[in-house]
Amino acid sequence: MRIMQPRRSPASIRSLMTFSLLGAAAHLGMAEGPQSIPSTFAPASTPAHEIYGLSLFVILITGSIFVSVAGLLTYVIIKYRFRESDGQHEPAQVYGSVQVELAWTVIPILIVVVLFLTTARIIFAVQDAPKPKSALDVTVIGHQFWWEFRYPKLGIVTANELHIPVSTSQRPEPTYMRLLSSDVDHSFWVPQLAGKTDLIPNHPNDLWMDPRQPGLYLGQCAQFCGVEHAKMLLRVYVDTPEQFAAWVKDQQQPGAQDEKVAAGRHVFETEACMNCHTVSGTEAKGTFGPDLTHLMSRATIAAGAATNTPENLRAWIKDPDDFKPGALMPAMQLSDEQIDQLVAYLSTLH
Ligand SMILES: [Cu+2]
């Protein structure tokens, strides 16, 4: 039985802070590049705009209901409050009124029908949007507790940090995603880019987005999927066409082989790491954990639980539970020397 008690080592405190300060850090522009707070009220792509418009409409209607009910109630409380001059007589009692009953049945039904129709219209408009030829295909696979991204036409496999091109009206290049799960239900949610959509085992779902502004957009798994659900963060880098082309070119290279880190590579290939991880161009072809071929191209590790630094890599390999108590990578009881060699090797995987 694994003990799920989070240990408050410096590393885990740091990662907790990274997590809770994500929004604040985003706001202060502490992380690299432009990025923003994950909010549905700052839409940056067509589906998100549609949902934003709908949410304003719903808030308008429900807000007016609230204001009229609360207003009427306040009016009645003040106007008909008890006065000394009322004496001991009860006011006239009214039993049953067809008009009033009709009004409070028909008006709510009409309101619900209007809300239903507008919502259905938006859902279908987003779902049925024709897919242009220039669209980029990405397969998203939810894992406990990380994201796998596959670009079938580009031959790229990566994790947790999705790179997609900006899509402008002159140069439309929306991203179409197929959402799958390797274990339990997860939910892909980047509020500024598209609606929350579940990843359900054996039931592919689809999602598309056409971000208008380059930058970093944050999101998170939005369906409880197990102990580390809260540390299943998402980063979507919306790149300019040039940045995206350069990123694709880098990702398509096999991992470079550096003789200086042969010791670390040897540990990797003899200590079970390779059963769970892939480093393309080597014997390591495991698929249970994230593809590490271009590990260094990612800003974070463990689905945003920690920044990608040598210290964090060392702490992670020593005991993944430090950052993510309950993560599905085992602590492998390696010596400090082996861990140093591994980190040196991993640091060459650009
Ligand atoms: Cu999840």
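In what order do the five strands of the open sheet lie? The order is 4-3-2-6-9, and the pairing is mixed. The model is predicted.

**Sheet**
- Strand 4 (156-159) and strand 9 (205-209) form the edges of the sheet, each pairing on one side only.
- On average, neighbouring strands of the sheet are turned by 25 degrees against each other, with direction ignored.
- Strand 6, which spans residues 175-181, runs antiparallel to strand 9 and is joined to strand 9 by five bridges.
- Within strand 9, Met209 is the residue that stands opposite Thr175.
- In general, the strands of a sheet pair through backbone hydrogen bonds, either parallel or antiparallel.

**Helix packing**
- Helix 6 packs with helix 9 (residues 336-346) at an angle of about 105 degrees, and their axes are 7 Å apart.
- Because angles of 65 to 115 degrees count as roughly perpendicular, helix 6 and helix 9 are classed as roughly perpendicular to each other.
- Helix 6 contributes Ala263, Gly264, Arg265, Val267 and Phe268 to the contact, while helix 9 contributes Gln338, Gln341, Leu342, Ala344 and Tyr345.
- By type, the residues of this contact between helix 6 and helix 9 comprise six nonpolar, three polar and one charged.

**Gln253**
- Gln253 lies in the loop that connects helix 5 (241-252) and helix 6 (262-270).
- Gln253 is exposed because 12 other C-beta atoms lie within 10 Å, and a residue counts as exposed at 12 or fewer.
- The C-alpha atom of Gln253 is separated by 9.5 Å from that of His350, although the two residues are 97 residues apart along the chain.

Technical notes. Residues numbered from 1 in each chain as written. Predicted model: local features only at pLDDT ≥ 70, side-chain atom pairs only at ≥ 80, totals over all residues. Pairing = 2+ DSSP bridges. Helix = DSSP H or I, 4+ residues; strand = E, 2+ residues; numbered from the N terminus. Axes fitted to C-alpha atoms, helices over the stretch in contact; angles between N-to-C directions. Buried ≥ 20, exposed ≤ 12 C-beta atoms within 10 Å, placed from the backbone. Parallel < 35°, antiparallel > 145°, perpendicular 65-115°, else oblique. Contact = placed C-beta atoms within 7 Å. Nonpolar A, V, L, I, M, F, W, Y, C, P; charged D, E, K, R; others polar.
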